[in-house]
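These are my notebook entries on a structure that was new to me. I set down what I looked up, entry by entry.

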Amino acid sequence: AVEVKASMTTIYGKWAIGNIDAKPELGGESGREVFERAASALTILAEYAAKADCASLVAVSHSTYIKMLLSLCMNISLIEAAKMELKNGCINVIDIDMRKPMTTIGHDSPVFGGALLSIAPMDTRIAIPS
């Protein structure tokens, strides 16, 4: 458990400065893959809600994934998101307006360390509902 936590701390730090193509030493997805999966899931859920004319949906996930999703939605650094205290069973609300255009998170976003620190590839573009 200590080895896994250390590995995840290291990889999360790499992702936080934009090294989003790095993968955990013990195996798993790259940061880009996780962010793209989170953005895709959020878009699919928002489109479903819009088509079904329902105001609310519920999704359940683990804290690291939620923190990464919240960093995208709030356009805050992964480090800031990592410091969020999310207790087991907590509820996070993400309001989405599908009438608005998608928001694009680029290589210089605070999510990846901002314009001064980010080493994210220039082609980094993650689109999420507004």
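Predicted model: local features only at pLDDT ≥ 70, side-chain atom pairs only at ≥ 80, totals over all residues.

**Entry 1: K23 and its surroundings.** I looked up what K23 touches, with contact taken as heavy atoms within 4.5 Å. Apart from neighbours within four places in sequence, K23 is in contact with I11, G28, E29, S30 and E33. I placed K23 in the loop between helix 1 and helix 2; helices (H or I, at least four residues) and strands (E, at least two) are DSSP runs, numbered from the N terminus. For accessibility I used relative accessible area: buried is under 20%, exposed over 50%, and partly exposed in between (1.4 Å probe, protein chains only). K23 has 48% relative accessibility and so counts as partly exposed.

Residues are numbered from 1 along each chain as its sequence is written, and side-chain values use heavy atoms, with hydrogens and water left out.

**Entry 2: I11.** I then turned to I11, which lies in helix 1. I11 is buried, at a relative accessible area of 2%. Leaving aside neighbours within four places in sequence, I found I11 in contact with A22, K23 and P24. I11 and G31 are 20 residues apart along the chain, and their C-alpha atoms are separated by 8.3 Å.

**Entry 3: helix 2.** How far does helix 2 reach from its first C-alpha to its last? I recorded 31 Å for its 22 residues, close to the 32 Å expected at 1.5 Å a residue; the expected span is 1.5 Å times one less than the number of residues. The buried residues of helix 2 are G31, R32, V34, F35, A38, A39, L42, T43, A46 and A49. Their cover includes helix 1, helix 3, helix 4 and strand 2.

After helix 2 comes D53, in the loop between helix 2 and helix 3. D53 is not a glycine, yet its phi is positive, about 55°. I listed D53 as exposed, with a relative accessible area of 72%.

**Entry 4: helix 3.** Helix 3 covers residues 63-74, and its end C-alpha atoms are 16 Å apart, which agrees with the 16 Å that its twelve residues should span at 1.5 Å a residue. Its buried residues are Y65, I66, K67, M68, L69, L70, S71 and L72. I noted that what covers them includes helix 1 (2-16), helix 2, helix 4 (78-82), strand 1 and strand 2.

N75 follows helix 3 and is found in the loop between helix 3 and helix 4. Its phi is near 50°, a positive value in a residue other than glycine. At 36% relative accessibility, N75 counts as partly exposed.

**Entry 5: how helix 2 meets helix 3.** At what angle do helix 2 and helix 3 pack? I read an angle of about 75°, with the axes 10 Å apart. Axes here are lines fitted to C-alpha atoms, for helices over the stretch in contact, and angles run from 0 to 180 degrees between N-to-C directions. Helix 2 and helix 3 are therefore roughly perpendicular to each other, a term for angles of 65 to 115 degrees. On the side of helix 2 the contact is made by G31, V34, F35, R37, A38, A41 and L42, and on the side of helix 3 by Y65, M68, L69, S71, L72 and C73.

**Entry 6: an aromatic pair.** I searched for rings of Phe, Tyr and Trp (its six-membered ring) with centres within 6.5 Å; planes under 30 degrees apart count as stacked, over 60 as edge-to-face and the rest as tilted. By this rule I counted one aromatic pair. F35 and F112 form this edge-to-face pair, 5.4 Å centre to centre with 90° between the planes. The two are 77 residues apart: F35 is in helix 2 (residues 31-52), and F112 is in the loop between strand 1 (103-106) and helix 5 (114-117). Both F35 and F112 are buried.

**Entry 7: the strands.** Strand 1 and strand 2 run antiparallel and are joined by four bridges; strands pair if DSSP finds at least two bridges between them. G106 stands opposite R125 in strand 2.

Definitions and conventions. Parallel < 35°, antiparallel > 145°, perpendicular 65-115°, else oblique.
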